[in-house]
Amino acid sequence: MGDRMKVLKTICLIIFKLVLFIGVMCLLLSFSMKKLVTNSVSSIVVNNNETIQMLEDVGIEREKVQEFVENKKTQEFITSYINPIFEGNVDLENVNIGEDLLVFVKENQSMIEELIGQPLPMEEIEAYATSENIEKVNEVYKEAVVDVQEDMPSEVKKTVSTFSYFVSNQFRLGVLVICLVAILIIVIMQRPIYTLIKTIGNTLTWCGLLVGGVTGFGSLLITSLFSDMNYTFDFSNGIYSSLISFGSGILCLIIYIIIKKIMESRENKNEIS
């Protein structure tokens with residue numbers, strides 16, 4: 001009976017350690033992939049002639065376009081138009097890129113002027129926001145929305161929907177809860193208690209190495225595929241996530257070794273006394 005319990009306990013520990021490992025991997029990949037995909041899509045959208053012309057029309061020179069686009073606030077503005085297309089919740093009747101663009105420029109005027117190195121011609125921007133040119137941009141956007149919603153295969157829509165959930169805070173919170181439950185069960189079943197630090201250390205170290213390897217290989221592959229195009233792909237989140245995970249894992253292992261030596265030293269003193 002005792003041997004069976006030991007085997008069952010070992011199997012349970014392996015299962016929950018695996019759950020913890022998969023959970024940490026999912027969290028790291030979720031944080032890594034969102035910025036890569038949103039920035040990549042933004043880069044593809046922005047680096048077409050129509051978009052560049054629109055930005056030039058509002059006073060942003062071609063040489064400053066990429067720097068402007070890579071700004072965090074600009075990324076948020078662009079993705080606010082991209083994400084709803086794939087999620088299928090665009091309100092076509094109320095699409096007004098000119099009005100939204102004007103609001104964005106006014107709210108971030110100082111930031112934009114600092115980037116382009118000159119004052120913005122606000123009168124020209126306001127005129128452009130209500131011009132026929134911006135109406136054409138609205139129509140192009142609406143056509144893109146309709147084309148995607150009608151022509152996109154259901155499998156692709158499911159993939160996009162799955163990815164959107166994978167990088168959402170809701171998914172991350174759910175995985176975090178699962179990881180905490182796994183850690184709690186490991187604490188209950190594994191002795192001594194401080195061995196948990198070793199388990200977490202190993203998990204973080206290997207997850208960091210794997211995510212770093214995937215990020216490195218992916219950056220080389222994608223960069224080589226799009227080397228002839230003026231697109232930028234941001235792998236920084238994947239690199240930072242893997243480094244933080246690996247560094248934290250190593251730190252946990254060092255702490256575990258120190259605690260283990262202290263505990264063994266105490267045990268030896270007790271035996272001698």
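Buried is taken here as under 20% relative accessible area and exposed as over 50%, with partly exposed in between, using a 1.4 Å probe and protein chains only. Helices are DSSP runs of H or I with at least four residues, and strands are runs of E with at least two, numbered from the N terminus. The model is predicted, so local features need pLDDT of at least 70 and side-chain atom pairs count only at pLDDT 80 or more, while totals for chains, interfaces and linings use all residues. Residues are numbered from 1 along each chain as its sequence is written, and side-chain values use heavy atoms, with hydrogens and water left out.

| Helix | Buried residues |
|---|---|
| α5 (residues 97-107) | I97, G98, L101, L102, F104 and V105 |
| α10 (residues 169-189) | F171, R172, V175, C179, A182, I186 and M189 |

In α5, the buried residues fall within an arc of 160 degrees when seen down the axis (the arc being that of the directions from the helix axis to the C-beta atoms), so they line one face of the helix. On the other side of α5, E99 and E107 are exposed.

Helix α10 has 21 residues and reaches 30 Å from its first C-alpha to its last, close to the expected 30 Å at 1.5 Å a residue, the expected span being 1.5 Å times one less than the number of residues.

N108 lies in the loop between α5 and α6 (109-116) and is buried, with a relative accessible area of 8%. Its side chain makes a polar contact with the side chain of K73 (3.4 Å), that is, a pair of N or O atoms within 3.5 Å of which, within protein, one must be able to donate a hydrogen and the other to accept it, residues adjacent in sequence counting only if both atoms are side-chain atoms.
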